[in-house]
Amino acid sequence: MKKYIVPKFIKDIYACISGHGTHRAVENLQRYMRIAQRQYEKNYYILKMDIKKFFYNIDHEILFEIMSDYIGDKKLLKFTKLLIDSDDESVGIPIGNYTSQFCANIYLDRLDKFVKHDIKVKYYVRHMDDFILLLEDRETARNIFNEIQIFLNNNLRLSLNSKSQYYPCSFGADFCGYCVWSTHKLIKRNSIKKIKRSIKK
């Protein structure tokens, strides 16, 4: 199934795709920050967003509708429907297993296309439900924040986490366990604690 679906994704999503991952996500975010700094004369804004209880709020009907756009084989589509509805619920998919993560990527493909093709944001990266946009000024960031909020609610029945915000680029971007600036990046303290706990185990 992956070979039919992944090529249709935009290039700047990084979860559950071979050759991508968190380190690649951070590297490309930093590269975009350097480009934005030159293009917007160092004063661009960061729009940092994530989705409230994402996996718990994925709508099965919408997910199947999106999958139907990708899959033409009726038997495979029927099997996909069984996977989506395996827990007898109409909303939410299990957290942790690879199938759920891959389905989650597919679910947000509509968001990716909206951001890149409809509102034409140049600098956008997403890792699962955590995504960042680099924008020219505060007013643009505010307007796009509102557009994305409306799109998620109307098209995917999702809402943004209260931590979603926009701010000047000088604060850096909190993304995939790092604090990222155009000049350098630092591992977050929480990430360091997790690493230490893993080493002790």
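Guide: A pocket is an open set of grid points with protein on both sides within 12 Å along at least five of seven lines, and a residue lines it if an atom lies within 4 Å of a point. The model we look at is predicted.

Visitor: How much space lies in the largest pocket?

Guide: The largest pocket holds about 660 Å³. K48, D50, D130, K163 and K188 are the closest to its centre among the 23 residues lining it. Two or more lining residues come from each of β1 (45–50), β4 (165–168), β5 (173–175) and α8 (189–200).

Visitor: How do the residues of that lining divide into nonpolar, polar and charged?

Guide: There are 7 nonpolar, 7 polar and 9 charged residues in the lining of the largest pocket.

Visitor: Why is Y14 called buried?

Guide: Buried means under 20% relative accessible area. Y14 has 1% relative accessibility, so Y14 counts as buried.

Visitor: Where is Y14 found, and which residues does Y14 touch?

Guide: Y14 sits in the loop between α1 (2–5) and α2 (22–39). Not counting residues up to four places away in sequence, Y14 touches H20, G21, R24, A25, N28, V125, R126 and H127.

Visitor: What makes the pair of Y14 and D12 side chains a polar contact?

Guide: A polar contact needs a pair of N or O atoms within 3.5 Å, one able to donate a hydrogen and the other to accept it. For the side chains of Y14 and D12 the distance is 2.5 Å, and the pair makes a polar contact.

Visitor: Is D112 buried or exposed, and how do you know?

Guide: The cut-off for buried is under 20%. D112 has a relative accessible area of 0%, so D112 is buried. D112 lies in helix α6 (residues 109–118). Leaving aside neighbours within four places in sequence, D112 is in contact with I10, I13, Y124 and R126.

Visitor: What makes a set of residues a nonpolar core?

Guide: The residues must be buried, of the listed kinds such as Leu and Phe, and joined through side-chain atoms within 4.5 Å. The largest nonpolar core has 48 residues, and F54, L111, L133, I148 and L156 have the most contacts inside it. The largest share of this core, 7 residues, comes from α7. Another core, of 21 residues, lies apart from it and has M33, V125, Y178 and V180 among its residues.

Visitor: Which residues is L111 in contact with, leaving aside neighbours within four places in sequence?

Guide: L111 is in contact with Y124, F131, I148, F151, L152 and L156.

Technical notes: Residues numbered from 1 in each chain as written. Predicted model: local features only at pLDDT ≥ 70, side-chain atom pairs only at ≥ 80, totals over all residues. Heavy atoms only, no water. Helix = DSSP H or I, 4+ residues; strand = E, 2+ residues; numbered from the N terminus. Buried < 20%, exposed > 50% of the residue type's maximum accessible area, 1.4 Å probe, protein only. Contact = heavy atoms within 4.5 Å. 1 Å grid on protein atoms, 1.4 Å probe; cavity = no way out; pocket = protein on both sides within 12 Å on 5 of 7 lines; lining within 4 Å. Points joined across faces, edges and corners; volume = space filled by probe spheres on them. Nonpolar A, V, L, I, M, F, W, Y, C, P; charged D, E, K, R; others polar.
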